[in-house]
Amino acid sequence: MESASSGLLEAVAAATASALHEAETSLPADVNAAIGRALEREQDPTARAQLENIRENIRYAGERGLPLCQDTGVPVVYLTLPPSVPATADLYEAVAEGVRRATAEVPLRPNVVDPLTRENTKDNTGGGMPTIHVRPGEELTVTVLPKGAGAENCSRIAMLLPSQKGEIARFVAETMLLAGGKPCPPVVLGVGIGATFDGAAALAKEALLLSIDEMDPFEQDLCDAVNALGIGPMGLGGAVTALAVKVKRGHCHTASLPVAVNVQCWASRRATRKVEVEQWT
Ligand code: SF4
């Protein structure tokens with residue numbers, strides 16, 4: 001590449017494509033482990049058969065380097081930027097270029113359309129796509145969270161009042177009750193509590209980036225409430241409807257209590273790449 005900055009942009013595009021390739025064809029270790037624990041818990045033969053099918057699907061995808069699911073989702077990308085890397089339009093375009101490459105090379109299903117004309121852009125980019133969230137950080141990292149529609153469509157938000165704190169668990173469980181088998185359970189639920197209407201939704205999605213190896217007591221209570229529904233793997237009944245519930249909080253207006261639930265399917269896909277900045281500066 002001709003200049004340091006174009007070298008960095010190329011590295012960001014390559015990191016985005018590489019992270020998408022990993023996320024689409026293999027699950028993170030904590031999600032695989034959670035599916036394994038679900039299999040240990042389930043007694044129901046139908047539920048166990050569904051979990052076995054999911055594990056076989058994961059194995060096939062890994063062996064063949066193919067997507068875990070035909071719905072390869074829409075690209076949601078999180079960047080952390082060190083002080084030396086500004087959030088320029090070129091940087092956003094580099095991420096989009098990475099999405100275009102992954103769409104052609106993995107390949108990914110072209111899922112992105114105009115919301116009204118439904119015209120397909122054919123490369124998974126478009127207005128607001130990829131969705132890019134930028135945070136300051138020590139290092140330049142690219143994290144991808146491809147999001148399928150079956151789960152995303154079941155997500156909900158409630159503008160509760162502060163007096164309704166006791167309603168949070170009911171709202172989370174009700175979200176899964178309404179979803180039933182549509183989001184391909186066992187799900188991971190990202191719950192955003194606080195902030196504003198838009199901020200709560202962003203927190204809920206960011207919660208899906210957290211490891212599901214552990215839950216705190218509040219998250220465990222929410223998860224128990226969801227699992228008590230008995231929806232089970234793929235909605236066919238069973239003990240494990242949710243692999244985990246993860247919560248992120250933000251401070252909010254004294255008169256507000258926003259709660260958002262971002263539903264994620266068993267294919268809880270995410271991957272991160274670090275981009276070395278020093279070599280380009
Ligand atoms: S909800 Fe998830 S597992 Fe189900 S079809 Fe969509 S991406 Fe695939």
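Biologist: Which residues are around the ligand?
Modeller: Around the ligand sit Cys69, Gln70, Asp71, Gly148, Gly150, Ala151, Pro183, Cys184, Cys265, Trp266 and Arg269, where near means a heavy atom within 4 Å. Bear in mind that this is a predicted model, where local features need pLDDT of at least 70, side-chain atom pairs count only at pLDDT 80 or more, and totals for chains, interfaces and linings use all residues. Residues are numbered from 1 along each chain as its sequence is written, and side-chain values use heavy atoms, with hydrogens and water left out.

Biologist: How does that shell divide into nonpolar, polar and charged?
Modeller: The shell has 6 nonpolar, 3 polar and 2 charged residues. Here Ala, Val, Leu, Ile, Met, Phe, Trp, Tyr, Cys and Pro are nonpolar, Asp, Glu, Lys and Arg are charged, and the others, Gly among them, are polar.

Biologist: And which domains does the shell draw from?
Modeller: At least three residues come from each of domain 1 (4-26 + 68-148 + 271-280) and domain 2 (149-264), with bounds from an automatic or database domain assignment.

Biologist: New topic: how do helices H2 and H3 pack?
Modeller: H2 (residues 29-41) and H3 (residues 45-64) pack at about 155 degrees, with axes 10 Å apart. Helices are DSSP runs of H or I, at least four residues, numbered from the N terminus. Axes are lines fitted to C-alpha atoms over the stretch in contact, and angles run from 0 to 180 degrees between N-to-C directions. H2 and H3 are therefore roughly antiparallel (over 145 degrees).

Key. Helix = DSSP H or I, 4+ residues; strand = E, 2+ residues; numbered from the N terminus. Parallel < 35°, antiparallel > 145°, perpendicular 65-115°, else oblique.
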